[in-house]
Amino acid sequence: MDISFPTPEGRFNYRVCAVIPQDGRLLVMKDETSPYSYLPGRRVTLHEQAQDALLRELREELMVTAHIVRPLWINEAFFTEEVSGERYHELCLYFLVDVSGTGLLDRGERFVTTEGGAHRFAFSWLPFQQLRDCCLYPEFIKEEIFHLPGTLTLNIEDRRPQHPGR
């Protein structure tokens, strides 16, 4: 069971994501329904370690056995999902991931994978400088990719409409 559940005020979500930089580029993805790009990752299931969830997802989506280098950020995000309109409170752990020796870099600048024969994912290697101009979530990655932290760092991203008194 994914650690994601609805409440009357919105959905809580616990995720993990891979930060995969290579030669000044970052691996990003889109699915068939999203108008935006995001980082490879998944929801964590109950009683599953975050690192195991991420490595499993990379095997399923990218068909690679990657290596986690270190945790980078825990991001607490508040946002409304653009496609569904659902309000989210999300915790996501971001890990620096090494894919050298996996063959992933040989697939080209853009490639498509299919997970379970049903879901298609389009991946692309975007130059760091182009991240600022594309629709990529979470937005903090667009700046923080230039100086990855050496230790786990807390980030808060609040995209809720601002109201007086809050």
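Arg 56 is partly exposed, with a relative accessible area of 21%, where partly exposed lies between buried (under 20% relative accessible area) and exposed (over 50%), judged with a 1.4 Å probe and protein chains only. Its partner in a salt bridge is Glu 48, and the closest N and O atoms of the two are 2.4 Å apart; a salt bridge is here a side-chain nitrogen of Lys or Arg within 4 Å of a carboxyl oxygen of Asp or Glu. Glu 48, at 18%, is buried. In general, side chains of opposite charge can pair when their charged atoms come close.

The model is a predicted one, in which local features need pLDDT of at least 70 and side-chain atom pairs count only at pLDDT 80 or more, while totals for chains, interfaces and linings use all residues. Residues are numbered from 1 along each chain as its sequence is written, and side-chain values use heavy atoms, with hydrogens and water left out.

The structure holds eight salt bridges in total. One of them brings together the side chains of Arg 25 and Glu 109, at 2.5 Å from N to O. This pair links distant parts of the chain, 84 residues apart: Arg 25 sits in strand E4 (residues 25-31), and Glu 109 in the loop between strand E7 (87-98) and strand E8 (110-115). Helices (H or I, at least four residues) and strands (E, at least two) are DSSP runs, numbered from the N terminus. Arg 25 counts as buried at 17% relative accessibility, whereas Glu 109 is partly exposed at 44%.

Another salt bridge joins the side chains of Asp 158 and Arg 160, with 2.6 Å from N to O. Asp 158 is partly exposed, at 32%, and Arg 160 is also partly exposed, at 30%. Elsewhere, salt bridges that share partners join Asp 2, Arg 42 and Glu 57 into one network.

E3 and E4 run antiparallel and are joined by two bridges, and Pro 21 has Leu 26 in E4 as its bridge partner.

Taken as a whole, the chain has three helices and ten strands, following the pattern β-β-β-β-β-α-β-β-β-β-α-α-β along the sequence. Its radius of gyration, taken over C-alpha atoms, is 16 Å, close to the 15 Å that the globule rule gives for 166 residues, so the chain is as compact as a globular protein of that length. That rule is 2.2 Å times the number of residues to the power 0.38. The C-alpha trace spans about 50 × 35 × 30 Å along its principal axes. Of the 166 residues, 44% count as buried. Among contacts between residues at least 6 apart in sequence, 64% join residues at least 24 apart.

Conventions: Two strands pair if DSSP finds at least two bridges between them. Contact means heavy atoms within 4.5 Å.
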